[in-house]
Amino acid sequence: MPMNAPPDSAGDGGAPSFSPLYQQIKALIMRGLQAGEWKPGEAIPSELELAARFRVSQGTVRKAIDELAAENLLVRRQGKGTFVATHSEQKIQYRFLRLQPEGGGEPVPMQRQFLDCRRIPAPADVARALALRAGEMTVEVRRTLSQNGRPIVLDDIWLPASLFKGLTAQRMGDYKGPLYGLFESEFGVRMIRAEEKIRAVAADGEVAGVLGVDAGSPLLSVERLSFTYGDKPVELRRGFYNTSTHHYRNELN
């Protein structure tokens, strides 16, 4: 998709013309990312090249790229350039995983087990969250995340079936990287932001059995709605976290 429109035309489906100039450039770069002009892991043009393309100063382009890097959509590499962020990168892998072991340190990889993967009509609440039509097909995935053989997380995940054709439990289990890396590399769906609702709950019998805790044990319930470009919801995830040996950590900037 060519991105050679002057910034003041960004009102044509892009940022409003009255927004700051760097925001208009940011919107045009986002448009290119959404259209797949630059794939995850690929370098984008230099600041000078983008400045010439958009007919603005290099400083304006730099400010737009700074914001996209702060939002984890782009990654600067010293001496190499700026690249489209990918969920396979170590820095990005744990962006959406906030569970950390007691004692601090970086999140450590957990062992995944996929318990179920099936195609079902979207329940009403799932359809509303994912902006689907009533009864539209979804892929429902159930998995656990474990450490040292002990389940820590039970996740129920819903995805629009139209975007994830051919997704199976075996395919997910065979993929060595993070689940969002699989979605990005094999289905072309990139998660760029998420909203979460967190509350304390008591484990019911089914969840307690999967996590190996007593019924009624305190758990953290985390409901996450993840979005791709254009603020389109593409994943609803409801997880139960056993925080007896872990804590949920977030940074507020």
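Q: Why is the pair of Phe-164 and Phe-183 called edge-to-face?
A: Their ring centres are 4.9 Å apart, and the planes stand at 70°, which is over 60, so edge-to-face it is. Phe-164 sits in the loop between strand 6 (150-160) and helix 6 (169-174), while Phe-183 sits in helix 7 (residues 179-187), so the pair ties together parts 19 residues apart in sequence. Helices (H or I, at least four residues) and strands (E, at least two) are DSSP runs, numbered from the N terminus.

Q: What kind of model is this, and how are its residues and side chains handled?
A: It's a predicted model, where local features need pLDDT of at least 70 and side-chain atom pairs count only at pLDDT 80 or more, while totals for chains, interfaces and linings use all residues. Residues are numbered from 1 along each chain as its sequence is written, and side-chain values use heavy atoms, with hydrogens and water left out.

Q: What makes the pair of Tyr-180 and Phe-183 tilted?
A: The planes meet at 40°, so the pair falls into the tilted class, with ring centres 6.0 Å apart. Both residues belong to helix 7 and are 3 residues apart, about one turn of the helix. In general, an α-helix has 3.6 residues a turn, so residues three or four places apart point the same way. Ring pairs join Phe-164, Tyr-180, Phe-183 and Phe-187 into a cluster.

Q: How do you know whether Tyr-180 and Phe-183 are buried or exposed?
A: Buried means under 20% relative accessible area, exposed over 50%, partly exposed in between (1.4 Å probe, protein chains only). Tyr-180 comes in at 6%, so call it buried. Phe-183 is at 0%, so it is buried too.

Q: What does the side chain of Arg-224 make polar contacts with?
A: Two partners are the side chains of Tyr-180, at 3.2 Å, and Glu-196, at 3.1 Å. A polar contact is a pair of N or O atoms within 3.5 Å; within protein, one must be able to donate a hydrogen and the other to accept it, and residues adjacent in sequence count only if both atoms are side-chain atoms. Arg-224 is in strand 8 (residues 218-228), and at 4% relative accessibility it counts as buried.

Q: What makes Arg-77 lie over the face of Phe-83?
A: A charge sits over a ring if NZ of Lys or CZ of Arg is within 6 Å of the ring centre and within 35 degrees of the ring normal. Arg-77 is 4.3 Å from the ring centre of Phe-83. The charged end of Arg-193 does likewise over Phe-227, at 4.1 Å from its centre.

Q: How do you know that the span of helix 1 agrees with its number of residues?
A: The expected span is 1.5 Å times one less than the number of residues. Helix 1 (residues 21-35) has 15 residues, so it should span 21 Å, and its end C-alpha atoms are 21 Å apart, which agrees. Just after it, Gly-36 takes a positive phi of about 80°.

Q: What is Met-172 in contact with, beyond its neighbours within four places in sequence?
A: Contact means heavy atoms within 4.5 Å, and the partners include Arg-112, Phe-114, Val-141 and Leu-182. Met-172 lies in helix 6, and its relative accessible area is 1%, so it is buried.

Q: Why is Asn-148 called exposed, but Asp-231 partly exposed?
A: Asn-148 has a relative accessible area of 80%, so it is exposed. Asp-231 has 46%, so it is partly exposed. Most residues other than glycine have a negative phi. Asn-148 has a positive phi of about 55°, and so does Asp-231. Asn-148 is in the loop between strand 5 and strand 6; Asp-231 is in the loop between strand 8 and strand 9 (232-241).

Q: What is the mean pLDDT of the protein, and where does pLDDT stay under 50?
A: pLDDT is the predictor's confidence in each residue, from 0 to 100. The mean is 85, with 83% of residues at 70 or more. Over residues 1-16, pLDDT stays under 50.

Key. Phe/Tyr/Trp six-rings, centres within 6.5 Å; stacked < 30°, edge-to-face > 60°.
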